[in-house]
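Here's a quick briefing on one helix pair and a handful of salt bridges. Have the structure open while you read.

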Amino acid sequence: MKNYKNINFCLGIDPNPTQQNFENFRTALYAHMEILDFYGNNLNDKILKPQLAYFLSFGSKGISLLEEFVSRYNENYTIIIDAKFNDISTTLKAYLHFIFGTLNAHGLTISPFLGEQTLQLAFEECAKKADRKGRVYVLCATSESSKGDLSFIDENWKKTLQACQNLRNTVFSGQEDLNKLIGVVIGANRENILFSDELKSSELSVLSPGLGAQGADWKIISKCAQHPNEITFPVSRGVFAGGNINLEQMKDNLVAIQRYF
Ligand SMILES: O=C(O)c1cc(=O)[nH]c(=O)n1[C@@H]1O[C@H](COP(=O)(O)O)[C@@H](O)[C@H]1O
């Protein structure tokens with residue numbers, strides 16, 4: 001364990017059994033929870049990122065398991081709900097109520113597509129409900145993205161950084177303790193952006209998925225040791241394989257991966 005000051009390890013919770021039925025889904029989720037209960041005290045950074053889609057796919061029964069999951073871990077962990085939400089402000093308020101009011105989670109991933117006003121709303125609500133534990137990660141340069149007509153979206157990553165910085169300076173002016181609340185998603189395979197001067201000077205927090213199953217290079221972790229930004233690397237399938245391996249294999253994966261951090 002290296003304990004880099006600016007780097008966090010996050011467990012992605014994406015239960016995805018090969019045989020898609022609710023019983024298997026619940027068993028897969030409970031396997032994730034057994035690992036958390038077994039290793040909880042030894043985990044360095046207590047950050048969990050459940051992906052809403054897997055829970056939603058089983059309707060109310062899946063959502064009820066998500067509620068059970070969050071209420072069990074929200075005291076001792078920081079919980080970021082990955083759903084890449086957004087909509088016009090009035091509707092976004094309902095999404096935010098789901099995250100912070102219903103689930104009592106601490107953060108979310110969000111699309112910038114609907115503009116600054118919506119991002120501001122998310123930042124403010126997150127600060128109100130989760131305070132310094134809060135994180136809102138704005139999609140900026142994702143691990144998978146367009147190579148076609150839609151590539152303009154993340155080719156404009158500098159503008160996303162700039163918008164987030166401007167909002168932070170307006171929304172949290174004089175509240176430096178909340179600076180880390182605002183973050184961006186930049187895939188671990190996007191080294192040119194991760195090590196860009198623009199990102200380094202932005203002071204934005206970073207969520208950097210892509211290690212493990214998506215094949216980003218594990219060396220990125222040590223390369224980020226001197227990075228000025230807080231960088232959180234989530235790993236899901238690399239540890240849990242969606243719940244399709246046995247507990248011993250999950251434990252071995254977790255131990256092996258934690259050595260990088
Ligand atoms: O926002 C995310 O977490 C995310 C952004 C991104 O650019 N790429 C990405 O894979 N993710 C999420 O990370 C999870 C996949 O993690 P792995 O199983 O570790 O590859 C899925 O829940 C994705 O939705």
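**Helix packing and salt bridges**

Let's start with helix 1 (residues 22-39) and helix 12 (residues 247-258), which pack at an angle of about 55°, their axes sitting 10 Å apart. Keep in mind that this is a predicted model.

**How helix 1 meets helix 12**

- Angles from 65 to 115 degrees would count as roughly perpendicular and those under 35 as roughly parallel; at about 55°, helix 1 and helix 12 are therefore oblique to each other.
- On the helix 1 side, the residues in contact are Ala-31, Glu-34, Ile-35, Phe-38 and Tyr-39. They meet Leu-247, Met-250, Lys-251, Leu-254 and Val-255 from helix 12.
- Sorted by class, this contact of helix 1 with helix 12 has eight nonpolar residues, two charged ones and no polar ones.

**Glu-125 and its two lysines in helix 5**

- Glu-125 pairs with Lys-128 in a salt bridge, with 3.1 Å between the closest N and O atoms.
- Those two are three residues apart in helix 5 (residues 116-130), so about one helical turn separates Glu-125 from Lys-128.
- Glu-125 also has a salt bridge with Lys-129, where the closest N and O atoms are 2.8 Å apart.
- Lys-129 and Glu-125 are four residues apart in helix 5, again about one turn of the helix.
- How accessible are the partners? Glu-125 has 18% relative accessibility and counts as buried, because the cut-off for buried is under 20%.
- Lys-128 is exposed, at 63% relative accessible area, while Lys-129 comes out as partly exposed at 47%.

**A link between distant parts of the chain**

- Arg-135 and Glu-230 join their side chains in a salt bridge, 3.0 Å from N to O.
- This pair ties together distant parts of the chain, 95 residues apart: Arg-135 belongs to strand 5 (residues 135-141), and Glu-230 to the loop between helix 10 (219-223) and strand 8 (231-235).
- Both ends are buried: Arg-135 has a relative accessible area of 11%, and Glu-230 has one of 12%.

**A salt-bridge network**

- Which residues are linked in a network of salt bridges? They are Lys-49, Asp-82 and Lys-84.

Methods: Residues are numbered from 1 along each chain as its sequence is written. This is a predicted model: local features need pLDDT of at least 70, side-chain atom pairs count only at pLDDT 80 or more; totals for chains, interfaces and linings use all residues. Side-chain values use heavy atoms; hydrogens and water are left out. Axes are lines fitted to C-alpha atoms, for helices over the stretch in contact, and angles run from 0 to 180 degrees between N-to-C directions. Angles under 35 degrees count as roughly parallel, over 145 as roughly antiparallel, 65 to 115 as roughly perpendicular and the rest as oblique. Contact means heavy atoms within 4.5 Å. Ala, Val, Leu, Ile, Met, Phe, Trp, Tyr, Cys and Pro count as nonpolar, Asp, Glu, Lys and Arg as charged, and the others, Gly among them, as polar. A salt bridge is a side-chain nitrogen of Lys or Arg within 4 Å of a carboxyl oxygen of Asp or Glu. Buried means under 20% relative accessible area, exposed over 50%, partly exposed in between (1.4 Å probe, protein chains only).
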